[in-house]
Amino acid sequence: MTEYCADCDFTYELDQVLSAPESIRQLAGQVAAILQSDAVNLRCRPDLATWSPLEYGCHIRDVLLVQRERVLAGRRCAGAECLPMGREERVEHDGYNEQNPADVARQLLDAALLFANVLARLTAEDWDRTVVYNYPEIRTRSLKWLAVHTLHDVQHHFYDIRRQIA
């Protein structure tokens, strides 16, 4: 069964792993450009349940860093457990909306490079290694799936930002 996200029109195709590093770097670059724009109110939430563009930028940065660690864990230990990242808690605990947008933009680009580097170092055998992933349900997933899921997450939240600033 192919996974599909109707919100951002993303279809999970495992052969996307080949282009995932470059796609993630490009999307991160587009988000970073938005975070460096003076024309956008980066700290404004359209409603209480929706993050601001700056908060989405922080989230994407942290997703890339967390996913990098999960890939590395999967290489070290088959079936490594991916603990929840605390996505909702991080917004407040790390003060996402109070962070300097220029710093977040730079950190986001660095996180994309770090994640892409780890993916580039995976061998054909490594891609089939597995982790126990906790979202959307607890399930054993390949590192291929994890890479494609990360691409989806970055694309999805880039679209979330674009919808707000359109």
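Strand β4 (residues 130-133) pairs with β5 in the antiparallel sense, over 4 bridges. The structure described here is a predicted model. In this model, β4 belongs to an open sheet of 3 strands in the order β3-β4-β5, with mixed pairing.

- Between β3 and β4 the pairing is parallel and extends over 2 bridges, with Glu-81 having Val-132 in β4 as its bridge partner.
- Strands of a sheet pair through backbone hydrogen bonds, in either a parallel or an antiparallel arrangement.

**The β4-β5 hairpin**

- Strands β4 and β5 form a hairpin, and 5 residues lie between them.
- Pro-136 is located in this loop between β4 and β5.
- The peptide bond that joins Tyr-135 and Pro-136 is cis, with omega at about 0°.

**Helices on the sheet**

- Helix α2 lies across β3 and β4, and runs at about 130° to β4.
- Helix α5 also packs on the sheet, where it touches β4 and β5; its direction makes about 85° with that of β5.
- Helix α2 has 24 residues and reaches 35 Å from its first C-alpha to its last, close to the 34 Å expected at 1.5 Å a residue.
- Of the 24 residues of α2, 18 are buried, so that this helix is mostly covered.
- Helix α5 has 23 residues and reaches 33 Å between its first and last C-alpha atoms, close to the expected 33 Å at 1.5 Å a residue.
- Helix α5 is likewise mostly covered, with 17 of its 23 residues buried.

**Helix α4 and its buried side**

- Helix α4 comprises 20 residues (101-120), which at 1.5 Å a residue should span 28 Å; its end C-alpha atoms are 28 Å apart, in agreement with that value.
- The buried residues of α4 are Pro-101, Val-104, Ala-105, Leu-108, Ala-111, Ala-112, Phe-115, Ala-116, Val-118 and Leu-119.
- These residues lie on the same side of α4, because they cover an arc of only 155° around the axis.
- An α-helix has 3.6 residues a turn, so residues three or four places apart point the same way.
- The packing partners of the buried residues of α4 are α1 (20-35), α2 (53-76) and α5 (143-165).
- At the start of α4, a side-chain oxygen of Asn-100 reaches to within 2.8 Å of the backbone nitrogen of Ala-102.

**Thr-50, between α1 and α2**

- Thr-50 is found in the loop that lies between α1 and α2.
- A polar contact of 2.9 Å links the side chain of Thr-50 with the side chain of Asp-47.
- Leaving aside residues up to four places away in sequence, Thr-50 touches Arg-45, Tyr-56 and Gln-164.

**Arg-163, in α5**

- Arg-163 is placed in helix α5 and is partly exposed, with a relative accessible area of 46%.
- The side chain of Arg-163 makes a polar contact with the side chain of Asp-160, at 2.5 Å.
- Arg-163 and Pro-53 are 110 residues apart in sequence, and their C-alpha atoms are 9.8 Å apart in space.

**Asp-9, between β1 and β2**

- Asp-9 is found in the loop between β1 (4-5) and β2 (10-11).
- The phi angle of Asp-9 is near 60°, a positive value in a residue other than glycine.
- Asp-9 has a relative accessibility of 57% and therefore counts as exposed, the cut-off for exposed being over 50%.

Key:
Residues numbered from 1 in each chain as written. Predicted model: local features only at pLDDT ≥ 70, side-chain atom pairs only at ≥ 80, totals over all residues. Heavy atoms only, no water. Expected span 1.5 Å × (residues − 1). Buried < 20%, exposed > 50% of the residue type's maximum accessible area, 1.4 Å probe, protein only. Arc of directions from axis to C-beta. Contact = heavy atoms within 4.5 Å. Polar contact = N/O pair within 3.5 Å; in protein donor to acceptor, adjacent residues only side chain to side chain. Pairing = 2+ DSSP bridges. Axes fitted to C-alpha atoms, helices over the stretch in contact; angles between N-to-C directions.
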